[in-house]
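Subject: Structure handover

Hello,

Here is the structure for you to look through. Please open it first, then read the notes below it.

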Amino acid sequence: MKMLEDPIYAREVVAYTNAVQASKQHAADEEVQYSFCFAMAFCATRYPNIVMKAGGLDGILTAMVRFPKNERLQAECCEALRNIAEMPDGADVLMKTNAIQVVMDSMRMNAQAEWVLQEGFGFLCRMVTESDDARDKLFKRDGLQVIIDSMETFPRASWVALWGSQALRRFAELDAQRLQDIGAFDLVMRARNAKAFTKGCPAVQQATVDCLKLA
C-alpha cells in the first residue's frame, strides 16, 4: 500500500502508461516498438508490477508477433516476460496469454541470436519453476528439449546452468526416468563438476545438487 501512495511510483505508472499508449499509436513503427520493449524490460527489472498496471504485457506480446526477426526487440521482450513471471502470481497471469508459444516461436525464428536464446530460455525456466501448469504444459510439449539444448549450447553461462538445473528438477518431479533416459541428469552432473562453477557459484552448485537428488 505504501508503494501505491508513493508519488514517485505514481509518476512512473503514468509514464509507462503513456509509453503503452504511444506504442499503440505507432504500432507499425519498428523503432518505436523496440524503444517501447526496451522501456518495459528496464521497468520490469525493478517494478514488474508497474508494467502490468500500465498495460504493458499486451504490448510486449503484440510487438513480438509483429516483428519476429528483430533480435533486439525479441530479447528485450523475453527479459521483461521473465521478470513478470517472477512476480507473485505472475506466471499464472502469463499462462492466460500466448506468452509461452510466442517465446518458443521467437527462439526458433532467431536460432542464431544468443541473446534471444538465453533470455527466452530464462523465461521458460522461470515459468517451469513458478507454475505447475506451465511446468506440465512445457513437459508435454518441447520445453524439456529446449532447456536441454540451451544448457548444451551455453555450458559456461552460470545463469543457464542455474535456471536449467532448477527447471530440470521440476520436470523430474513429474518423470525422473524420462530425464534419465534422455541424459538430462548427466548434463546437470557436468554442470556441477564444471571448473567454471566449482568456485564462486554456490547457487549453481546448490541447484545441481537439488536436481540430482531426484535422479
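C125 is buried, with a relative accessible area of 0%. Keep in mind that this is a predicted model.

How far is the sulfur of C125 from the closest cysteine sulfur? The distance is 11 Å, and the partner in question is C211. A disulfide is a covalent bond between the sulfur atoms of two cysteines. The cut-off for calling one is 2.5 Å between the sulfur atoms. The gap from C125 to C211 is therefore too far for a bond.

C201 is in no disulfide either. For C201, the nearest cysteine sulfur belongs to C125, 16 Å away. C201 also counts as buried, at 17% relative accessibility. Searching the whole structure gives 0 disulfides.

Now the aromatic rings. How many aromatic pairs are there? The count is 2. Y34 and F38 have ring centres 6.4 Å apart. Their planes meet at 40 degrees, so this pair is tilted. To count as stacked, the planes would have to be under 30 degrees apart; edge-to-face needs over 60.

Where do Y34 and F38 sit? Both are in helix α3, which covers residues 30-46. They are 4 residues apart there, so about one helical turn separates them.

Is Y34 buried or exposed? Y34 counts as buried, because its relative accessibility is 13%. F38 is at 43%, so F38 counts as partly exposed.

Next, look at R72. This residue is in helix α6, residues 71-85. The charged end of R72 sits over the ring of Y34, 3.9 Å from the ring centre. R72 itself counts as partly exposed, at 39% relative accessibility.

What else does R72 touch, leaving aside neighbours within four places in sequence? Its contacts are E31, Y34 and W115. With E31 there is a polar contact, side chain to side chain, at 3.4 Å. R72 and F38 are 34 residues apart in sequence. In space, their C-alpha atoms are 8.7 Å apart.

The charged end of R178 sits over the ring of F139, 4.3 Å from the ring centre.

To recap, start with C125, which is buried. Then go to Y34, with F38 as its tilted ring partner and the charged end of R72 over its ring.

Best wishes

Conventions:
Residues numbered from 1 in each chain as written. Predicted model: local features only at pLDDT ≥ 70, side-chain atom pairs only at ≥ 80, totals over all residues. Heavy atoms only, no water. Phe/Tyr/Trp six-rings, centres within 6.5 Å; stacked < 30°, edge-to-face > 60°. Helix = DSSP H or I, 4+ residues; strand = E, 2+ residues; numbered from the N terminus. Buried < 20%, exposed > 50% of the residue type's maximum accessible area, 1.4 Å probe, protein only. Lys NZ or Arg CZ within 6 Å of the ring centre and 35° of its normal. Contact = heavy atoms within 4.5 Å. Polar contact = N/O pair within 3.5 Å; in protein donor to acceptor, adjacent residues only side chain to side chain.
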